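Thanks for coming. I will take one structure today and walk through it piece by piece, starting with some charged residues.

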Amino acid sequence: MKKEYENLFKELVKSYYNGNFDDTLKNILKKDNINKTNLQSIISALCGVDIKNDNNYIYNIKKAITNYKVKKNIVKKIDKCDMSCADENGITKCQSICPIDAIISENDDIKIDNDLCINCGRCVEVCDDNKLLDKVEFIPLLDLIKNNKNVVAVVAPAISGQWGNEVTLDMLREAFIKIGFTDMLEVAFAADMLTIKEAVEFNNHVKTEDDLMITSCCCPMWVGMLRKVYKKLVKDVSPSISPMIAMGRVIKKIKPDVKVVFVGPCIAKKAEAKDKDLVGAIDYVLTFQEVKTIFDSLSINPKTLKGIPTKEYASRGGRLYARTGGVSIAISEAVEELFPEKHKMLKAIQANGVKECKEILAKAEKGEINANFIEGMGCIGGCVGGPKALVSKELGKEAVDKVAFSSPIKVATHSEGMDKVLKKIGITSLNDFKEEDTMGIFERNF
């Protein structure tokens with residue numbers, strides 16, 4: 001979240017939590033020397049809703065919060081752009097960073113082509129004038145918590161080290177429970193399930209040296225580029241959903257009444273959760289930066305907490321999904337264990353950042369890569385390099401590796417906890433990972 005909006009967001013969170021939201025909004029909106037229309041648009045985005053800016057604004061925003069509706073478009077244009085950041089060719093910062101050219105110039109202003117936009121949020125990060133903002137979904141979520149709903153936080157593997165190396169996952173678990181969440185779970189657990197599935201996919205899909213498999217697991221930016229730009233390669237894309245979606249689906253298969261909130265370093269995950277074929281698995285998405293602001297608003301300091309321990313259930317491989325190369329390591333280890341002969345054929349390559357993603361996919365289209373397994377991450381460094389991370393990608397990778405390599409469970413196939421959960425959703429053997437009926441929970445249609 002941009003620094004310019006942090007204090008306002010804190011004020012909104014604290015007031016909604018304490019029950020004086022109406023009075024707080026009235027005081028904010030009656031201040032002198034403000035553009036009321038723009039301020040209302042900013043407040044709406046910080047509350048995760050879209051409403052009309054009129055005289056019934058406070059009533060409308062409260063109604064929108066309590067009747068929250070899923071909206072696909074996450075990036076919101078707050079005000080007209082003056083194009084002051086444009087280079088000598090008339091290209092603005094947001095246009096230059098957009099991975100699929102979804103931002104166009106129109107009448108001395110910029111416009112987002114929502115049909116192309118993959119809601120990666122990169123434009124939000126580079127807009128110095130704060131004309132672009134990604135919606136924050138915490139206030140509608142807080143409404144559920146205040147009404148004693150069962151709400152679980154599922155955290156991305158990249159969370160390790162984000163609040164400092166001394167803050168453990170157990171301490172973060174306690175912090176989320178203090179907010180009002182029922183529990184905190186690691187998405188790395190779902191990554192383990194997908195590791196086995198991707199190993200089976202590789203065994204089935206790659207028969208000769210000329211065959212290719214593109215893993216679709218983690219990154220919505222990578223998936224967006226494949227679906228909208230490099231369509232010729234879709235036939236080689238694994239149909240697997242992301243660990244985030246898998247985690248939500250598994251939880252809801254076992255406990256249908258639970259609301260699931262993903263927490264990670266990525267704006268694009270907000271849009272992924274709302275894709276037509278995925279909607280319903282994840283109810284809300286929060287970024288690390290947003291959660292930090294929420295902790296600060298509610299005076300919750302993870303560093304001071306003792307932590308609420310849980311039994312180890314995520315493997316080294318699942319936790320390594322947080323950084324570039326981690327998916328390849330995890331799946332390679334699973335292929336080696338499950339299909340040792342096929343492992344001899346595996347040649348993995350990683351696309352690290354948008355530029356490399358485009359280069360490798362372009363070469364793959366022409367058959368010019370010496371690999372049969374491609375992993376792609378839209379952010380340099382992988383998820384640890386996400387736009388809403390709290391620490392540098394270098395520190396993030398270091399922390400992730402430390403937690404991952406100290407995991408008692410080394411390979412996904414060694415998790416007894418996973419075996420028990422898989423049994424609850426009707427998966428009892430490796431053969432079940434080959435069946436369409438049982439694998440539907442882990443797949444999407446590209």
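Is Glu341 buried or exposed? Glu341 is exposed, because its relative accessible area is 57%, and the cut-off for that word is over 50%. Before I go on, please keep in mind that this is a predicted model.

Glu341 has a salt-bridge partner, Lys344, and the closest N and O atoms of the two are 3.2 Å apart. Lys344 is exposed as well, with a relative accessible area of 64%.

Let me step back to the whole chain. The protein has 446 residues, and for that number a compact globule would have a radius of gyration near 22 Å. The protein comes out at 22 Å, so the value agrees with that of a compact globule. Along the principal axes, the C-alpha atoms fill a box of roughly 70 × 55 × 40 Å. As for secondary structure, there are 20 helices and eleven strands. Of the 446 residues, 58% count as buried.

Back to the charges. How many salt bridges are there? The count comes to 28 salt bridges. Two more of them deserve a look.

One is between Glu125 and Lys388, where the closest N and O atoms are 2.9 Å apart. This pair links distant parts of the chain, 263 residues apart. Glu125 sits in helix α6, residues 122-126, while Lys388 is in the loop between β11 (373-377) and α18 (393-405). The two ends have their own surroundings. Glu125 is partly exposed, at a relative accessible area of 30%. Lys388 has 2% relative accessibility, so it counts as buried, the limit for that being under 20%.

The other is between Lys270 and Asp134, with the closest N and O atoms 2.9 Å apart. What does this pair tie together? Lys270 lies in helix α12, residues 268-272, and Asp134 lies in strand β4, residues 132-134, so the bridge ties together parts that are 136 residues apart in sequence. Both Lys270 and Asp134 are buried.

Which residues form a positive surface patch? They are Lys255, Lys311, Lys420 and Lys424. Take Lys420 from that group: it is placed in helix α19, residues 416-424. Lys420 is exposed, with 54% as its relative accessible area.

Next, the backbone. Most residues other than glycine have a negative phi. Asn119 is not a glycine, yet it has a positive phi of about 55 degrees. Asn119 is found in the loop between β3 (110-112) and α6. With a relative accessible area of 2%, Asn119 is buried.

Asn148 also has a positive phi, near 60 degrees, and is a residue other than glycine. Its place is the loop between α7 (138-146) and β5 (151-155). Is Asn148 buried or exposed? Asn148 counts as exposed, because its relative accessibility is 71%. So we have a buried asparagine at position 119 and an exposed one at position 148.

Last, a few distances between C-alpha atoms. Ile118 is in the loop between β3 and α6, and at 12% relative accessibility it counts as buried. How many residues separate Ile118 and Pro220 along the chain? They are 102 residues apart along the chain, and their C-alpha atoms are separated by 7.8 Å.

Ile245 lies in helix α11, residues 243-254. Ile245 counts as buried, at 0% relative accessibility. From Ile245 to Asn38 there are 207 residues along the chain, and the C-alpha atoms are 34 Å apart.

Then there is Met184, in strand β6, residues 183-186. Met184 is buried, with a relative accessible area of 5%. Asp170 is 14 residues from Met184 in sequence, and the C-alpha to C-alpha distance is 9.0 Å.

To go back over the main points: the radius of gyration agrees with that of a compact globule, and 58% of the residues count as buried.

Terms used
Residues numbered from 1 in each chain as written. Predicted model: local features only at pLDDT ≥ 70, side-chain atom pairs only at ≥ 80, totals over all residues. Heavy atoms only, no water. Patch = residues over 30% accessible without salt bridge, like charges linked within 9 Å, V, L, I, M, F, W, Y side chains within 5 Å. Areas by Shrake-Rupley, 256 points an atom, 1.4 Å probe, with all protein chains shown as cover. Salt bridge = Lys/Arg side-chain N within 4 Å of Asp/Glu carboxyl O. Lys, Arg positive; Asp, Glu negative; His and termini not counted. Charge placed at Lys NZ, Arg CZ, Asp CG, Glu CD. Helix = DSSP H or I, 4+ residues; strand = E, 2+ residues; numbered from the N terminus. Buried < 20%, exposed > 50% of the residue type's maximum accessible area, 1.4 Å probe, protein only. Rg over C-alpha atoms; globule rule 2.2 N^0.38 Å.
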